[in-house]
Structures are given as structure tokens and as C-alpha cells.
There are 2 protein chains.
Amino acid sequence: MTSRLIEVRQKVLNKNDIAARALRERFRQAGVSVISLVSSPGSGKTAFLERVLTCMRTQHRVAALVGDLATDNDAVRLARSQAPVKQICTGTICHLDANMVEKAIEGWDLSDLDFMFIENVGNLVCPSSYDLGENARLVLLSVTEGEDKPLKYPSIFQGADAVIITKMDLAEAVEFCAQTAHRNIECVRPGIPVFELSTKTGAGVPEAVEWIVAVR
Amino acid sequence: MTSRLIEVRQKVLNKNDIAARALRERFRQAGVSVISLVSSPGSGKTAFLERVLTCMRTQHRVAALVGDLATDNDAVRLARSQAPVKQICTGTICHLDANMVEKAIEGWDLSDLDFMFIENVGNLVCPSSYDLGENARLVLLSVTEGEDKPLKYPSIFQGADAVIITKMDLAEAVEFCAQTAHRNIECVRPGIPVFELSTKTGAGVPEAVEWIVAVR
């Protein structure tokens with residue numbers, strides 16, 4: 001039974017890879033850079049994205065898709081940035097896939113955009129297996145989650161292009177050791193850029209935005 | 001393809017249900033109460049369990065299984081409580097299942113135990129679908145994750161028997177609104193007991209332990 005499951009999953013993953021490849025080509029032709037965000041629930045993806053959209057939209061044409069099992073809370077929050085935003089509700093599914101992204105952008109003229117963000121469902125495991133056609137993937141880790149998360153959830157860090165350490169304003173209160181966190185990240189994904197920031201104070205946000213803009 | 005995946009998954013889930021039923025009967029015959037813990041990565045399952053094991057083991061025979069994709073960090077931490085502890089490494093699998101539990105308890109005489117805890121992989125989605133034969137399931141939610149998580153991840157709350165709100169010592173720093181959190185929990189899972197606690201200060205831990213002891 002298990003071997004059949006694996007075989008079927010493989011086929012489904014391959015189907016996703018094909019859809020992701022088509023999306024990536026479509027994004028390239030439209031000239032839009034696509035950045036996806038992954039993390040645990042509550043690591044601050046939406047707060048980060050709200051800051052980034054607000055900051056970038058004065059100079060760039062930006063939009064966002066946000067995934068959750070239920071509610072459109074995040075889309076409502078992000079809409080305050082004035083950027084176009086669409087919510088993807090996955091129901092019971094623990095990750096976004098390329099088909100969900102394809103369906104969500106129906107009706108959008110991608111050539112009107114410079115950057116599109118995709119906020120995945122909060123989950124530090126499953127999203128790592130699904131290519132969404134993005135140009136870069138950011139993994140967020142909040143200081144309240146502990147320094148050992150890269151060691152315990154290596155695959156999501158190995159598939160990312162940059163790490164954002166969030167909620168640095170709480171670092172002292174939770175006795176977060178940045179040095180240990182950096183060492184653990186380096187251990188599973190050597191050489192990956194790491195940004196420390198606080199969306200509450202705004203510290204570190206410009207450096208992360210600069211990295212995102214350079215993806216283009 | 002998708003319909004085949006669903007069909008195969010259904011069979012695998014049914015297989016898990018059968019294994020979980022057998023485990024539950026085994027636990028009953030041995031007279032051990034089994035409590036599982038689910039939450040996001042970094043919500044404080046291990047810190048909570050460390051407190052609970054240390055507190056309970058003066059009067060009860062307790063043990064724990066801890067699941068993670070990789071590392072035995074949690075087992076090492078929990079072993080400080082002097083209770084028997086085993087680590088389950090799931091590799092790339094995003095949840096524990098009944099077979100993993102069955103394999104992990106090989107060699108343990110369950111009739112030597114009053115309580116066994118199972119700490120699931122940090123994931124607020126997938127573990128909700130897998131019965132582990134436990135008598136009660138606790139879902140942990142830390143104040144740093146935000147009050148809306150029950151609305152965004154309803155299934156994990158709907159399948160739980162009690163909610164533990166952790167890191168209450170940080171509530172003020174993150175402007176956590178307990179009233180909103182309680183209302184959201186009540187909305188998706190009416191009548192469920194909710195405990196607020198801080199493993200750092202110890203406040204609220206005795207009330208949660210009292211609830212666990214009463215499961216027996």
C-alpha cells in the first residue's frame with residue numbers, strides 16, 4: 001500500500017513540476033519576478049509582506065497571493081497596502097501547488113506587474129516539496145520558535161534562497177541566540193543569505209527589500 | 001490522477017485507523033493513558049512536556065515519545081526529567097502515524113506506565129488526520145502566533161480535547177488579546193477547555209496537569 005502511495009505521489013509531484021515549469025515560463029515572458037514565502041504558522045509572513053508591499057509599491061508594481069486553509073484575514077490585511085491581493089483557501093490541504101497559483105492569477109495581466117509575492121500556508125514541512133514557479137523562495141523563522149528549527153526542519157531551509165529571522169524585537173525576551181541560529185542555518189544550507197528584522201520597529205526591513213529587488 | 005491519489009490516501013488513512021484502534025486497545029489493557037501534543041513548530045510543546053513530566057513523575061509513572069523530522073534534540077531535553085523518552089525521526093514525513101508509535105514502543109512494558117505522552121511533529125495541519133490511539137489530544141498555541149490561528153487552522157482545533165495557550169509571559173510584549181483568542185477557539189470548537197500558561201514562570205502549569213491527570 002505504502003509503495004503505491006509513494007508511486008502515485010511521485011506522479012502527482014511530477015504533474016506539479018510540469019505545471020510549475022509552465023508558470024515559471026509565463027512569469028519570465030511577462031517580466032514579473034515571483035517571490036514565495038514559507039514558514040511556520042505565526043512566524044510573521046503577513047506582517048513582513050505588509051511592510052514589503054507598502055515599501056516597494058512606491059517604486060514597483062507589486063501584487064500578492066496568500067494561502068490559508070480558511071479565512072481571508074490575510075488578504076484583508078494585505079489589501080491595506082493598496083497592492084492587488086488574492087486569497088487562496090486550500091480547505092484541508094497543507095500547502096499551495098502550482099495549479100492553485102495558476103487558478104488564482106486568472107484575470108490578472110502579469111505584464112502589469114514587476115513583482116508578485118506568494119505567501120504559502122503556514123507549514124514548515126509540506127510546502128518544501130511543491131515548486132510554484134517562483135524565482136526565489138524566502139523562509140521565515142521567528143526568534144520565538146527557537147534556534148534549532150533549521151536542524152529539525154532541514155528540507156524547507158535547503159529549498160530556500162534566503163532566510164528572514166523575524167520578531168527581532170522579542171529576541172531579548174526569549175533569550176534568542178542569533179549566533180546559534182546562524183550556525184544552524186549555515187549547517188543545513190551553507191552560504192544562504194540571512195536577514196534579521198523586526199516588522200514592528202522596521203529595523204532590517206530595507207536590507208531584505210534590497211535583496212528582493214535584486215532578484216529581478 | 002487526483003482522484004486516484006485521494007482514493008489511495010483514503011486507504012492509507014483507513015489502514016492508520018485500524019492500527020490506531022489496535023494501539024488504543026493495547027493502551028487500555030495496559031492501563032496507560034496516552035496524551036498527544038500537536039502545534040506549530042516552536043509553540044513550546046517540548047518546554048511544556050518537560051515541565052509536565054518533571055511535575056508528574058513524583059506521583060505517576062510517565063514516559064514520552066517525541067517526533068521530529070530530524071535530530072534527537074527534544075529527547076535529550078526531555079530526558080532531563082528522568083522519565084523514559086524515545087525520539088521518532090520521521091525523515092521527510094510531516095506527521096506521526098500509528099505505525100511509528102507502535103514501532104517506537106517496542107520493548108516498553110506499557111503496564112509499567114500510568115501516562116504516556118506523544119509529541120507530534122510541529123505542524124498545524126497534517127497531524128490532525130492521523131489517529132495515534134491516544135486518549136486525549138492537546139493543541140498548543142503560543143501567544144506569539146496570533147489570536148486568529150484557530151480560524152485559519154480549524155481542523156487541528158476541532159480534533160483536539162483541550163487547548164493550551166503557551167508563552168503567556170510574552171502576552172504583553174506581543175499585545176496578545178486573550179479574549180479574542182478564546183472567542184476564536186470557541187468559534188471553531190465550542191466548549192473545549194482552554195488553559196493559559198507560561199512554562200518560563202510556571203504559572204498555569206498545575207491547572208493543565210490537573211486536567212491531564214483527570215484523563216485517566
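The following exercises, with worked solutions, concern a predicted model.

**Exercise 1. The sheet of chain B**

Task: Give the strand order of the open sheet in chain B and state which strands lie at its edges.

Solution: 
1. The sheet has seven strands, ordered S3-S2-S4-S1-S5-S6-S7, with parallel pairing.
2. Strand S3 (85–89) and strand S7 (194–196) of chain B each pair on one side only, which makes these two the edge strands.
3. On average, neighbouring strands are turned by 20° against each other, direction ignored.
4. Helix H2 (residues 45–56) of chain B packs on this sheet and touches S1, S2, S4, S5 and S6 of chain B. The direction of H2 makes about 170° with that of S4(B).
5. For one pairing in detail, take strand S5 (residues 136–142) and strand S6 (residues 162–166) of chain B: five bridges join them. Within this pair, Leu141(B) stands opposite Ile165(B).

**Exercise 2. Cysteines**

Task: Determine how many disulfides the structure holds, and explain why Cys89(B) is in none.

Solution: 
1. Over all chains, the count of disulfides is zero.
2. Cys177(A) is in no disulfide; its nearest cysteine sulfur belongs to Cys187(A), 15 Å away.
3. The cut-off for a disulfide is 2.5 Å between the sulfur atoms.
4. As to accessibility, Cys177(A) has a relative value of 29% and so counts as partly exposed. Cys89(B), at 49%, is likewise partly exposed.

**Exercise 3. The largest nonpolar core**

Task: Find which residues touch the most other members of the largest nonpolar core, and list the elements that supply it.

Solution: 
1. The core has 46 residues, and Val139(A) and Val139(B) touch the most other members.
2. Strands S5 and S6 and helices H6 and H7, in chain A and in chain B, each supply at least two residues.
3. Leaving aside neighbours within four places in sequence, the contacts of Val139(A) include Val38(A), Leu124(A), Phe157(A) and Ile164(A).
4. A second, separate core holds 27 residues, among them Ile35(A), Val66(A), Ala208(A) and Ile212(A).

**Exercise 4. Lys152(B)**

Task: Decide whether Lys152(B) is buried or exposed, and identify the side chain with which its own makes a polar contact.

Solution: 
1. Lys152(B) lies in helix H5 (residues 149–152) of chain B.
2. Its relative accessible area is 5%, so Lys152(B) is buried; the cut-off is under 20%.
3. Not counting residues up to four places away in sequence, Lys152(B) touches Asp68(A), Leu69(A), Ala70(A), Thr71(A) and Asp74(A).
4. The side chain of Asp74(A) makes the polar contact, at 2.8 Å.

Conventions: Residues are numbered from 1 along each chain as its sequence is written. Chains are lettered from A and ligands numbered from 1 in the order in which they are written. This is a predicted model: local features need pLDDT of at least 70, side-chain atom pairs count only at pLDDT 80 or more; totals for chains, interfaces and linings use all residues. Side-chain values use heavy atoms; hydrogens and water are left out. Two strands pair if DSSP finds at least two bridges between them. Helices (H or I, at least four residues) and strands (E, at least two) are DSSP runs, numbered from the N terminus. Axes are lines fitted to C-alpha atoms, for helices over the stretch in contact, and angles run from 0 to 180 degrees between N-to-C directions. Contact means heavy atoms within 4.5 Å. Buried means under 20% relative accessible area, exposed over 50%, partly exposed in between (1.4 Å probe, protein chains only). A nonpolar core is a set of buried Ala, Val, Leu, Ile, Met, Phe, Trp, Tyr and Cys residues joined through side-chain atoms within 4.5 Å. A polar contact is a pair of N or O atoms within 3.5 Å; within protein, one must be able to donate a hydrogen and the other to accept it, and residues adjacent in sequence count only if both atoms are side-chain atoms.
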